[in-house]
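I opened the model to look up a few contacts and pairings. My notes follow the display.

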Amino acid sequence: MIKNLREINRVLTAIKELSVNTFAKKIDVLNECTKIVLGGKSSNHKETVDFCISSKIIFEFEQQLQLSTLGKNLIKANPE
């Protein structure tokens, strides 16, 4: 279970910044998440991505990630 909204924001921000035609490569998102430091802690980014997929915050298609409407709304509600 994800313990911190910052971890979700980190994934959403990476997808938003890396998206081309609304999709971002999963491997690029995971790599970018290692570069974004929030709260001075690192975490298991794959676990966060999997949580976001299972919560329908993001969608996955053939190793590409896309923000859902919920994900877009979370970014608007939690800008960092």
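**Entry 1: His45.** I looked up what His45 touches, leaving out residues up to four places away in sequence, and found Glu7, Arg10, Leu30, Cys33 and Thr34. Contact here means heavy atoms within 4.5 Å. His45 sits in helix H3. Helices are DSSP runs of H or I with at least four residues, strands are runs of E with at least two, and both are numbered from the N terminus. At 10% relative accessibility, His45 counts as buried. The cut-offs I used are under 20% relative accessible area for buried, over 50% for exposed, and partly exposed in between, with a 1.4 Å probe and protein chains only.

I noted where the values come from: this is a predicted model, in which local features need pLDDT of at least 70 and side-chain atom pairs count only at pLDDT 80 or more, while totals for chains, interfaces and linings use all residues. Residues are numbered from 1 along each chain as its sequence is written, and side-chain values use heavy atoms, with hydrogens and water left out.

**Entry 2: Glu7.** I then turned to Glu7, one of the residues that His45 touches. Glu7 lies in helix H1 and is buried, at 9% relative accessibility. I also checked Glu7 against Thr48: they are 41 residues apart along the chain, and their C-alpha atoms are separated by 6.7 Å.

**Entry 3: H2 and H3.** At what angle do H2 and H3 pack? I read about 125° for helix H2 (residues 26-35) and helix H3 (residues 45-54), with the axes 10 Å apart. That makes H2 oblique to H3. Axes are lines fitted to C-alpha atoms, for helices over the stretch in contact, and angles run from 0 to 180 degrees between N-to-C directions. Under 35 degrees counts as roughly parallel, over 145 as roughly antiparallel, 65 to 115 as roughly perpendicular, and the rest as oblique.

I listed the residues that meet: Lys26, Leu30, Cys33 and Thr34 from H2, and His45, Lys46, Val49 and Asp50 from H3. By class, this contact has three nonpolar, two polar and three charged residues. Ala, Val, Leu, Ile, Met, Phe, Trp, Tyr, Cys and Pro count as nonpolar, Asp, Glu, Lys and Arg as charged, and the others, Gly among them, as polar.

**Entry 4: aromatic rings.** How many aromatic pairs are there? I counted two. Rings of Phe, Tyr and Trp (its six-membered ring) pair if their centres lie within 6.5 Å; planes under 30 degrees apart count as stacked, over 60 as edge-to-face and the rest as tilted.

Phe23 and Phe61 form an edge-to-face pair, 5.7 Å centre to centre with 80° between the planes. Phe23 lies in the loop between helix H1 (5-18) and strand E1 (24-25) and Phe61 in strand E2 (residues 58-61), so the pair ties together parts 38 residues apart in sequence. Phe23 is partly exposed at 27% relative accessible area, and Phe61 is partly exposed at 43%. Phe59 and Phe61 form a tilted pair, 6.3 Å centre to centre with 50° between the planes. I noted that ring pairs link Phe23, Phe59 and Phe61 into a cluster.

**Entry 5: Gln66.** Is Gln66 buried or exposed? Gln66 is buried, with a relative accessible area of 18%, and is found in strand E3 (residues 64-67). Its contacts, again without residues up to four places away in sequence, include Phe23, Phe59 and Phe61.
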